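Colleague: Could you take me through how the helices pack here? I'd like to go one pair at a time.
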Amino acid sequence: MPALNVTPESLLMTGRDVLRLEAAAVAALEERLDADFVGACELLLNCSGRIVVSGMGKSGIIAKKIAATLASTGSPALFLHPAEGSHGDLGMLTRQDCLLALSNSGETAELLAILPVVKRLAVPLLAMTGNPQSTLARTAAVHLNCSVAREACPLNLAPTASTTASLAMGDALAMAILQARGFSADDFALSHPGGSLGKRLLLRVQDVMHRGDAIPRVGLETPLQDAVLEISSKGLGMTAVVDAEDRVVGIFTDGDLRRAFAQRQNLWEQPMAALAHARPATIAAEALAAEALALMEHHRIGALLVTDSGARLIGALNMHDLLRAGIV
């Protein structure tokens with residue numbers, strides 16, 4: 001069908017109306033949160049099995065996302081298609097589970113069809129609907145009202161504001177129980193091992209740092225010319241300066257070399273004690289590689305020394321190491 005009477009202004013107006021209506025729908029949920037929300041959180045927290053999330057059509061798509069969010073934040077969850085449930089998939093539901101059912105009308109036939117089995121198994125039912133007087137709402141142990149004043153669809157037909165509200169309510173539930181469980185960044189990393197997110201959460205400095213003879217290091221009395229050879233041979237753009245016990249006392253970088261020659265003459269015999277930058281930034285081997293990146297960015301440096309609890313040098317890394325590891 002060809003577009004009729006379309007102008008840039010009309011397109012912008014429609015887009016802004018949709019965003020305004022959906023934002024209002026989500027904002028209205030905040031004022032509606034009460035003891036029922038607390039009860040919903042407690043129901044999910046007390047679930048010894050899995051949170052089985054179900055919905056049909058567009059609500060089913062939202063249900064899948066809520067199940068995925070719960071599963072990735074410490075609450076074992078899965079999606080049950082209600083129509084498939086009536087044809088065998090209800091076998092995945094156990095007495096230890098709880099059911100989170102989504103339906104804007106609260107009268108979705110496929111969901112209502114599986115309720116007798118849910119009741120027979122004594123599975124706690126949490127419902128999210130747009131109609132508190134609906135069959136699903138009245139059957140549930142806990143009901144969350146996700147009703148909206150109107151859909152963002154100009155025809156008030158396509159699920160838009162209602163699905164956004166349900167999605168936001170699902171996020172509110174997931175984040176509330178995440179916090180209640182004391183779910184940490186390390187816990188999050190265990191369920192996100194792949195891709196750049198997993199690397200940022202799992203990779204440690206010790207996994208990417210240079211060790212042993214690959215670490216550039218010189219003593220306090222090492223002359224500049226030998227320090228330059230050490231920097232060049234190790235390829236990290238710097239060298240650590242250590243004392244007799246291998247404790248880090250300074251660092252000397254390519255940039256320090258350029259600045260030194262800009263200010264002085266006849267530097268080749270100068271010892272590192274006179275040229276090194278004292279109190280360099282260091283990091284522990286157990287720290288996240290992402291923390292090393294943040295430290296480099298904060299200090300505007302390209303390399304870090306890795307030390308143990310006694311300030312002894314045990315490793316080194318630079319921005320290229322983090323790039324190769326996929327942290328940057």
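Colleague: Which handedness does the crossing of helix 3 and helix 7 have?
Modeller: In this predicted model, the crossing of helix 3 and helix 7 is right-handed, meaning that the near helix is turned clockwise from the far one by less than a right angle; helices here are DSSP runs (H or I, at least four residues) numbered from the N terminus.
Colleague: And at what angle do they pack?
Modeller: Helix 3 (residues 58-72) and helix 7 (residues 161-181) pack at about 15 degrees, with axes 10 Å apart, the axes being lines fitted to C-alpha atoms over the stretch in contact, with angles from 0 to 180 degrees between N-to-C directions. Helix 3 is therefore roughly parallel to helix 7 (angles under 35 degrees).
Colleague: Which residues in helix 3 meet helix 7?
Modeller: Among them are Lys58, Ile62 and Leu70, and the helix 7 side includes Leu167, Asp171 and Ile177, where contact means heavy atoms within 4.5 Å.
Colleague: What about numbering and cut-offs?
Modeller: Residues are numbered from 1 along each chain as its sequence is written. Local features need pLDDT of at least 70, side-chain atom pairs count only at pLDDT 80 or more, and totals for chains, interfaces and linings use all residues, while side-chain values use heavy atoms, leaving out hydrogens and water.

Definitions and conventions: Helix = DSSP H or I, 4+ residues; strand = E, 2+ residues; numbered from the N terminus. Parallel < 35°, antiparallel > 145°, perpendicular 65-115°, else oblique.
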